[in-house]
Amino acid sequence: MKRRIVSDSSANMQVWMGIDFVSVPLKIIAGEREYVDDASLDLPRMLDELQDYKGKSGTSCPNVADWLDAFQGADEILALTITSALSGSYSTAVQAQAEYKELLPEAKVMVLDTLSTGPEMVLIMEKIQELTEAGRSFEETEAAAREYSRHTHLFFALESMKNLANNGRVSHTVAALAGLLGIRVLGAASEEGTLLPLHNGRGWKRTFRAILEELEKYVFSGGKLRIAHCQNLTAAEELAEMITRQFGKCDISIHPCTGLCAFYAERGGLMVGFEGA
Ligand code: X90
């Protein structure tokens, strides 16, 4: 029995030391240029080049063959995707699941539409790993991961929503608030897996205060919280400190965005995944 955790690269995790884990890259496309969201991506350079690029840019999800490659060699697969409301990743993963089971009828494959992305996916994968270490069966692990994912949430605080709007992932009206007016948008992943704006404001202090208030409303348990940032470690650390002050000692860690999330969250953006009600 060989169990593997697989996720698309919107989880911002390329490797997981000592764990059978595979990340399936999404791609960022700007004219002739294609950036693959894997360990070889030069992120600062991608962000610089995108900033200078005046044409249309977008992204593409993994195809069925990409998922199949990632499944190859394992017989228990727990795969996670970015929300199906914003990407085709879930749909291609489900097709790969069917094909893999045709090739290998004994194999067990879960595909979880996380209705979220980034650090919320990290929490769910950590839960799967915990269950695996505790020796839980595939079925128990799948059920517990699905249940857990109903109690995890995602916030994001973005300086600009230009790429989200230009790619039809958020309305131009919502996006116009950010960027154009220099107002930061704080939002959440809705229960349907779409972007839900919660608050607009200038200055990080106000954004942090709004995040703390929203964490109360979403009943952050004071348990696990993961922050992903796009070239904004300072804000991530400051937020972590404020959360610790308000909620007491909790399990917080910070990591950088990789290609896909960096493209949409843009420079300065933060994403926060946490355990709630
Ligand atoms: O299939 C594709 O091309 C990928 C499309 C992804 C679109 C959205 C990515 C958002 C990443 C921005 C803030 C988080 C929003 C989460 C809402 C559920 C990061």
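Contact here means heavy atoms within 4.5 Å. This is a predicted model, in which local features need pLDDT of at least 70, side-chain atom pairs count only at pLDDT 80 or more, and totals for chains, interfaces and linings use all residues. Residues are numbered from 1 along each chain as its sequence is written, and side-chain values use heavy atoms, with hydrogens and water left out.

**Ligand site**

- The ligand has 17 residues around it, and Thr59, Ser60, Cys61, Leu86 and Ser87 come nearest. A residue counts as near if one of its heavy atoms lies within 4 Å.
- An N or O atom in the Thr59 side chain is 2.5 Å from a ligand oxygen. Ser87 places a polar side-chain atom 2.7 Å from an oxygen atom of the ligand.
- The protein buries 99% of the 550 Å² that the ligand exposes when taken alone. Accessible areas come from the Shrake-Rupley method with a 1.4 Å probe; for residues, only the protein chains shown count as cover.
- Strand 5 (57–60) and strand 8 (152–158) are the elements that give two or more residues to this shell. Helices (H or I, at least four residues) and strands (E, at least two) are DSSP runs, numbered from the N terminus.
- By class, the shell holds ten nonpolar residues, six polar and one charged. Ala, Val, Leu, Ile, Met, Phe, Trp, Tyr, Cys and Pro count as nonpolar, Asp, Glu, Lys and Arg as charged, and the others, Gly among them, as polar.

**Thr152**

- Thr152 sits in strand 8. Thr152 is buried at 4% relative accessible area, where buried means under 20%, exposed over 50%, and partly exposed in between (1.4 Å probe, protein chains only).
- The Thr152 side chain reaches the backbone oxygen of Ser149 at 3.3 Å. A polar contact is a pair of N or O atoms within 3.5 Å; within protein, one must be able to donate a hydrogen and the other to accept it, and residues adjacent in sequence count only if both atoms are side-chain atoms.
- Beyond neighbours within four places in sequence, Thr152 contacts Glu120, Leu123, Ile124, Phe274 and Glu275.

- Glu76 belongs to strand 6 (residues 76–81) and is buried at 10% relative accessibility.
- Setting aside residues up to four places away in sequence, Glu76 touches Met1, Lys2, Arg3, Arg4, Lys108 and Phe138.
- Ala262 lies in helix 10 (residues 259–265) and is buried at 1% relative accessibility.
- With residues up to four places away left out, Ala262 touches Leu43, Leu47, Cys230 and Cys257.

**Cysteines**

- The whole structure has zero disulfides. The cut-off is a pair of cysteine sulfur atoms within 2.5 Å.
- Cys261 is in no disulfide either, with the nearest cysteine sulfur, in Cys257, 5.2 Å away.
- Cys230 is buried at 1% relative accessibility, and Cys261 is buried at 4%.

- Val219 has a phi near 55 degrees. Val219 lies in the loop between helix 8 (204–217) and strand 11 (224–229) and is partly exposed at 46%.
- Glu266 has a phi of about 60 degrees. Glu266 lies in the loop between helix 10 and strand 13 (270–275) and is buried at 12%.
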